[in-house]
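Please open the model in a viewer and keep the selection panel at hand.

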Amino acid sequence: MILPIVPQPAHVSALSGSYAVPKSISIAASTPDERNVADFAVAFLRERGISAVIVPNANGAQLRFSTANDASLGAEGYSLRVDGSGIAIAAKTGAGLYYGLQTLEQLFAQDGSSNTISDVQIQDAPAFKWRGIMLDVSRHFFDVPTVERFLDLASHYKLNIFHWHLSDDQGWRVEIKRYPRLTTFGSCRNGSEVGKNPRDVEGGPYCGHYTQDQIREVVAYAAKRYVTIVPEIDMPGHSTAAIASYPFLGCSGKQIPVSTTWGGSYPICPTDRAIEFEENVLDELMQIFPGPYIHTGGDEVPFSQWKASAFVTDLMKREHLTTYPQVQSYFENRIEKFVESKGRRMVGWDEILTGGISRSAVIMSWRGTEGGIKAASLGNDAVMTPDGPLYFDAYQGDPEQEPLAIGGLSTMQMVYNYDPLAKIPADQQSHILGVQANIWAEWIPTAEHMFYMALPRELALSEIAWTPQNAKDWTSFEARMGPQYLWLQQQRYNFRLPNPAFAVTGGTLRFDNVVRGVQAISAHTDASSVTVAISDPMPNAALVYTTDGTDPTGGSTHYAHPLQLALAPGQRVEVTAAAVLPDGRTSSTTKVIIERSR
Ligand code: TNX
């Protein structure tokens, strides 16, 4: 049975009857985890007009949280039962209880109309244990309230890893007490690249960083939502801001500015002094981030700087290194030893595999899926985050109608269709820890824009991370998105409005070239009339359209039923449609051009 929720649970059975939640209830919770999740339940129910008190004893409680050491539930799984006696959520861990509550919240009508829930028994557990999303806060800075809203959203959809990209060429964003210049100097750049053709840098300083107290606040906020933060300090590449702060870190020793344009970077020089600096930074980082994983970057190291360095040439002789990827490995292996010595696991971008890395390092496959496939074959754990479908800095629709993005196309359906285990032999699949999407922020200057890039495709990510591959079904998912669009509006998350879809019938239709990117089709028919149906997955959207080729606005003709369009031989008609929300926000358009043969 399919429920109107995202991500779809693994096992659902309908029971007969329904449960009307009373206006005033008690919630049973006794352990710290049960009470933590019960607090979220109280806040949610209050918004539904239900007042709830937390009690230690299950007797008589309408909502009951319980933790049991039941292996069948799995580390993050839960069972949820709604019947005449109320609602019971059981799990092995607090994370499981939290996910049970997220499911329960989605069982309430998303339009707020009723507090009656159909009786149901759900048994659920995630497909992958790494369900991640990365936010780049270097290229543009996102403040603590924005990061917390980002965590609310991710955890509601059962994502459990927040990869925080804290340093890059364009700004260092985390206070390191031992090296204050990283933030007093390295967190500011003197302008930002704002246009692409031609490259256009807008003047004025751009700064931002988190204090260690703020980091601790966010770590605690994430922990309450069972999200593990994986902090990243990108090294040895993407280190311009660090080198600008402490020039001895670079091979030339020269003072350089923090980058104002995207792309182009300086690497850390693999000297003992620079490696010790990175270790000290990581040491402090580990004191504020308690999670098991520390990400140390490793992507896109520009070897030209090392090639020009007498130090690196000597190092290669001394260490018998013959290639520059091997020089990178020399660096990575020292860093990995340090991270391991502190009881943590190093995570790095897939380049760290090239020159050789120990089996304990976790590989993040971003240059497609090859890095992850290779990692698994070698026996390394890997996280799949291929550029293309899982790069949430790419366009979500017709570039002509979308805000400026870095390039590429990753529609929600492309995200949905991605299978993290594709091409991984069965006996190596246990090495694929999971999936992650990355929000690189070069062209994302504001929080509103950031949520727009994340949504709605983050929900497709949630389902490929949580729901078993064999239960995935795009048609079902699209239908289940209806209530989610209502929830996103209620919660005031900015998201890309899905543009309408067309269904054309009449005569023998031949569909050919897609015009204007991904949002227009052209069709040929031999019939004297065609029927054009227009639909949109947002339940509360009005559909508007034109037939004169112009873009529809809120004031255009409202769509009520399928259009019957008469066509003379050789005649061509164009229907352009858009969806409009009650608040006036209008989707981009979809166009269909139909031509009758002569
Ligand atoms: C490559 S993905 C990068 C980032 C850029 C991104 C833009 C990766 C590990 N490195 O520095 O922001 O492309 O899509």
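This is a predicted model: local features need pLDDT of at least 70, side-chain atom pairs count only at pLDDT 80 or more; totals for chains, interfaces and linings use all residues.

Residues are numbered from 1 along each chain as its sequence is written, and side-chain values use heavy atoms, with hydrogens and water left out.

**Stop 1: the ligand**

Select the ligand, then its shell: Arg139, His238, Asp299, Glu300, Trp349, Trp366, Tyr391, Asp393, Ile406, Trp440 and Glu442. The shell comprises 5 nonpolar, 1 polar and 5 charged residues. In this classification Ala, Val, Leu, Ile, Met, Phe, Trp, Tyr, Cys and Pro are nonpolar, Asp, Glu, Lys and Arg are charged, and the others, Gly among them, are polar.

For Glu300, an N or O atom of the side chain is 3.4 Å from a nitrogen atom of the ligand. Glu442 has a side-chain N or O atom 2.6 Å from an oxygen atom of the ligand. Of the 360 Å² that the ligand exposes when taken alone, the protein buries 90%; accessible areas come from the Shrake-Rupley method with a 1.4 Å probe.

**Stop 2: the pockets**

Pockets and cavities are found on a 1 Å grid over the protein atoms alone: a cavity is a set of points where a 1.4 Å probe fits but cannot get out, a pocket is an open set with protein on both sides within 12 Å along at least five of seven lines, and lining residues have an atom within 4 Å of a point. A volume is the space filled by probe spheres set on the points, which are joined across faces, edges and corners.

Select Gln413, Trp474, Glu478, Asn499 and Ala501, which lie nearest the centre of the largest pocket among its 27 lining residues. This pocket has a volume of about 720 Å³. Its lining takes two or more residues from each of α12 (412–417), α15 (474–490), β22 (501–505), β24 and β30. Helices (H or I, at least four residues) and strands (E, at least two) are DSSP runs, numbered from the N terminus. The element that gives the most is α15, with 5 residues.

The second largest pocket has a volume of about 520 Å³. Select Phe44, Glu47, Glu105, Trp487 and Gln491, the closest to its centre of the 22 lining residues. Here α1 (32–47), α2 (94–107), α3 (144–156) and α15 each supply at least two residues.

**Stop 3: the cavities**

How many cavities of 30 Å³ or more does the structure hold? There are 3. The largest has a volume of about 40 Å³ and is lined by Val21, Ile25, Leu45, Gln62, Leu63, Ile87, Leu104 and Phe108. That lining has 7 nonpolar, 1 polar and no charged residues.

The second largest cavity holds about 40 Å³ of space. Among its lining residues are Trp172, Asp234, His238 and Glu278; His238 also belongs to the ligand shell.

**Stop 4**

Display the open sheet of 6 strands, in the order β23-β24-β30-β29-β26-β27, with mixed pairing. Its edge strands are β23 and β27 (557–558), each pairing on one side only. Two strands pair if DSSP finds at least two bridges between them. Strand β24 (520–525) pairs with β23 (510–511) in the antiparallel sense over 2 bridges, and with β30 (590–596) in the parallel sense over 6 bridges. Pick His524 in β24: it stands opposite Arg510 and opposite Glu595 in β30.

**Stop 5: backbone details**

Most residues other than glycine have a negative phi, and most peptide bonds are trans. Select Met235 and Pro236, joined by a cis peptide bond with omega of about -5°; Pro236 is in the loop between β16 (228–232) and α6. Leu455 and Pro456 are likewise joined by a cis bond, with omega of about 5°. Finally, select His320, which is not a glycine but has a positive phi of about 55°, in the loop between α9 (310–319) and α10 (324–341).

Technical notes. A residue is near a molecule or strand if one of its heavy atoms lies within 4 Å of it. A polar contact is a pair of N or O atoms within 3.5 Å; within protein, one must be able to donate a hydrogen and the other to accept it, and residues adjacent in sequence count only if both atoms are side-chain atoms.
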